[in-house]
Amino acid sequence: MSSHYQVMKFPAGEKTTPSLVLGEKLIPGSDESHFCKPTDVAVRLDGSAFYVADGYCNGRILMYNPDGEVIRTWGSELSRRKPLLYRLPEHVCLGLTLLV
C-alpha cells in the first residue's frame, strides 16, 4: 500500500513491477475503482480472495478475487454518520474459519 491511493500485488521475489494495481495514482475516491488512504491488506491462505481496509476517508472493507474484481464491500464513505458501520477500519485480518 502507499499514500498514492493504490494497492499493489507483487509476484514472489519481485519488488519493482507489480502484477496487479488497484486504484489510480494520486486520485482518491469512494467508488469500486478508487481508494482513499487504504490501510491494510489480508490474503486468504489459498489465494482465493484478498481484503483491503480502505479506512481513513471511506470507512470500508473490500473483498476481491485474485484478478482484482470486487466481490463484496462492507461499510462506506458515509459510515462516520452511521454508528453500526465502520468508522475507521485501520486493519483487516482473517481467522482460521475465514471470518474477516
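Mentor: Let's start with terms: helices (H or I, at least four residues) and strands (E, at least two) are DSSP runs, numbered from the N terminus. Met 8, for example, lies in strand 1, residues 7-9. This is a predicted model, where local features need pLDDT of at least 70 and side-chain atom pairs count only at pLDDT 80 or more, while totals for chains, interfaces and linings use all residues. Residues are numbered from 1 along each chain as its sequence is written, and side-chain values use heavy atoms, with hydrogens and water left out.

Trainee: Thanks! How many helices and strands does the protein chain have, then?

Mentor: There are 0 helices and 6 strands. Read from the N terminus, the order of elements is β-β-β-β-β-β.

Trainee: Why does Phe 35 count as buried?

Mentor: Buried means under 20% relative accessible area, exposed over 50%, and partly exposed in between (1.4 Å probe, protein chains only). Phe 35 has 1% relative accessibility, so it is buried. Of the 100 residues of the protein chain, 35% count as buried.

Trainee: What makes the pair of Phe 35 and Tyr 64 tilted?

Mentor: Rings of Phe, Tyr and Trp (its six-membered ring) pair if their centres lie within 6.5 Å; planes under 30 degrees apart are stacked, over 60 edge-to-face, and the rest tilted. This is one of 3 aromatic pairs. The centres of Phe 35 and Tyr 64 are 6.5 Å apart and the planes stand at 55°, so the pair is tilted. It links distant parts of the chain: Phe 35 sits in the loop between strand 2 and strand 3, and Tyr 64 in strand 5 (residues 60-64), 29 residues apart.

Trainee: And what kind of pair do Tyr 51 and Trp 74 form?

Mentor: Tyr 51 and Trp 74 make a tilted pair, with 6.2 Å from centre to centre and 35° between the planes. Tyr 51 belongs to strand 4 (residues 50-54) and Trp 74 to strand 6 (residues 70-75), so the pair ties together parts 23 residues apart in sequence. Tyr 51 has 1% relative accessibility, so it counts as buried.

Trainee: Which residues do ring pairs link into a cluster?

Mentor: Phe 35, Phe 50 and Tyr 64 are joined in that way.

Trainee: How do you know that Cys 36 and Cys 57 form a disulfide?

Mentor: A disulfide is a pair of cysteine sulfur atoms within 2.5 Å. The sulfur atoms of Cys 36 and Cys 57 lie 2.2 Å apart, which meets the rule. With -40° about the S-S bond, this link is left-handed. It connects distant parts of the chain: Cys 36 in the loop between strand 2 and strand 3, Cys 57 in the loop between strand 4 and strand 5, 21 residues apart. By this rule the count is 1 disulfide.

Trainee: Are those two cysteines, and Cys 93, buried, partly exposed or exposed?

Mentor: Cys 36 has a relative accessible area of 10%, so it is buried. Cys 57 is at 25%, so it counts as partly exposed. Cys 93 reaches 59%, so it is exposed.

Trainee: What does Pro 28 touch?

Mentor: Contact means heavy atoms within 4.5 Å. Not counting residues up to four places away in sequence, Pro 28 touches Tyr 5, His 34, Phe 35 and Cys 36. Pro 28 lies in the loop between strand 2 (20-22) and strand 3 (40-43). Its relative accessible area is 41%, so Pro 28 is partly exposed.

Trainee: Where does Tyr 5 lie?

Mentor: Tyr 5 is in the segment before strand 1. Its relative accessible area is 16%, so Tyr 5 is buried. Leaving aside neighbours within four places in sequence, its contacts include Leu 26, Pro 28, Phe 35 and Cys 36. The C-alpha atoms of Tyr 5 and Leu 26 are separated by 5.9 Å, although these residues are 21 apart along the chain.
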